[in-house]
Amino acid sequence: MQLLGPFLILVAWEVPGIRAETTCVTQRCLANNLVSSYVITMPQSQSCNLPVNLSMIDYQTTYVDTKLMQFSSLLTVTMIWRDPNLAWNKSEYDFDVIVLPASQIWTPQLTVKNAVTATSEPAYPDVMVSSDGDVEYAVLMAITVSCNINLFTYPFVTDSCPVAINGWNDTRGCGLSLEYGTVQWIGGNNGDWETKSVTLQGTDNHDNRNYLNVTVSIRPFSPFVTLVMPSILIMLADLASAALPFEGGERNTYKVTLVLSFIMFLNALTQGLPDDGPCSPVIRYHYCLCLVVLVVSLLVSLVLSRLDADGSILPCKSLRCSEGTRNEKKKPGKEGVSVLTVTDSKEHGIEDSLLKVLSFLEDMEQHQEAEYKRKAFTTEIDKICFWIYLCFDIIYAICMLSISQMNLCETNNLSFWSKKLIP
């Protein structure tokens, strides 16, 4: 046995099957060897271009900010690309796939061209690598995109917004060449907004100008109840105020309350919609016009109340009348019946007193007749104003319904790309 020792050592050195200490027999050993010898750089070919297949894109809308015209999304993107430095010979290593840590190898960095903010992180800490060098990797992207949503027919709005997912590339063709696969969207409701569909589209005759076309719409029930319906009811209540009398200022107080209530809803509308834009909501003009009509109605009511009370809208006439009344009290004996009339009757006789009584009755009758004519005139003007308001409201309602069914405004949400690149 002592003589066979060197021979066994020589056989162990020459027979390949016994050299297990220098050959990987596990996937973990192969993964460690690949990582230890790997240089973290982008795989480069003669064409300076790396095809990356976005095999699966899961899209979800998380938040829509109507005031800022922005919406936030969460995307899970599964990518596949080939890295020759991670390939191995299956005749030497009989493994189909191995798992490598994503932080130890090069991975593509995706960008969103029209994003306001964008963050990305690995969806899983590891990647799958096949024997031919194909790498499968999933990334989780949280993005906020600015979009000029067409709010012209708010709250009945349906529009599309692009999410331009791209990778780095330059004009010489170097960088990432993205190939898009399946796109699916998860969930559909977010507050008042609802995601209708997500499709892949692209600009013609331009490579890497593809984007996700996200179609969103407003569920109109809540905005209609909180903004549109109050304006309609307030306008109807203003028409119904014609049934209130002028005396006592009840109608004027009622109309002031309507104006203040309408201003409150106008403030709510201003806080919920963007300040301005290429397609400003027509409901904003609706509120402005309705406010003007309410204020005009209030002014007309004040004027009619003054006409009903004094017969004139000039304050000086009422002052002159009050001064004349005071002068008459200071100079008794010409017209009217007072205590002095009884006193003077003793001096001038019964006939003079009867004449003054008759004069007083005639003046009272004339005054009542003038008051009756004044009220009849005021009532007639009030009826005319009521019918004018009613006809105006009917015509205005028909016009608004017609405008709400038209698409009178268009937006270009692809302006973030150079105009030279957009056909």
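A search of the whole structure turns up 1 cavity of 30 Å³ or more. This is a predicted model, in which local features need pLDDT of at least 70 and side-chain atom pairs count only at pLDDT 80 or more, while totals for chains, interfaces and linings use all residues. Residues are numbered from 1 along each chain as its sequence is written, and side-chain values use heavy atoms, with hydrogens and water left out.

On a 1 Å grid over the protein atoms alone, a cavity is a set of points where a 1.4 Å probe fits but cannot get out; a pocket is an open set with protein on both sides within 12 Å along at least five of seven lines; and lining residues have an atom within 4 Å of a point. Grid points are joined across faces, edges and corners, and a volume is the space filled by probe spheres set on the points.

Here are the two spaces side by side; nonpolar means Ala, Val, Leu, Ile, Met, Phe, Trp, Tyr, Cys and Pro, charged means Asp, Glu, Lys and Arg, and polar covers the others, Gly among them.

| Space | Volume | Lining by class |
|---|---|---|
| Largest cavity | about 110 Å³ | 7 nonpolar, 3 polar and 4 charged residues |
| Largest pocket | about 640 Å³ | 22 nonpolar, 5 polar and 1 charged residues |

The largest cavity is lined by 14 residues, with Arg251, Lys255, Ser297, Asp382 and Tyr389 closest to its centre. At least two lining residues of the largest cavity come from each of α3 (221-240), α4 (250-272), α5 (282-310) and α8 (350-404). Helices (H or I, at least four residues) and strands (E, at least two) are DSSP runs, numbered from the N terminus.

The largest pocket has 28 lining residues, and Val228, Ile232, His286, Ala397 and Met400 lie nearest its centre. Two or more residues of this lining come from each of α3, α5 and α8, and α8 gives the largest share, 9 residues.

How confident is the predictor? The protein averages a pLDDT (confidence in each residue, from 0 to 100) of 79, and 80% of the residues score at least 70. Confidence is lowest in helix α1 (residues 4-14), at a mean of 37, and highest in strand β7 (residues 134-146), at 93. Over residues 1-22 the pLDDT is below 50, and this stretch has 4 contacts (heavy atoms within 4.5 Å) beyond near neighbours in sequence.

Technical notes
pLDDT is the predictor's confidence in each residue, from 0 to 100.
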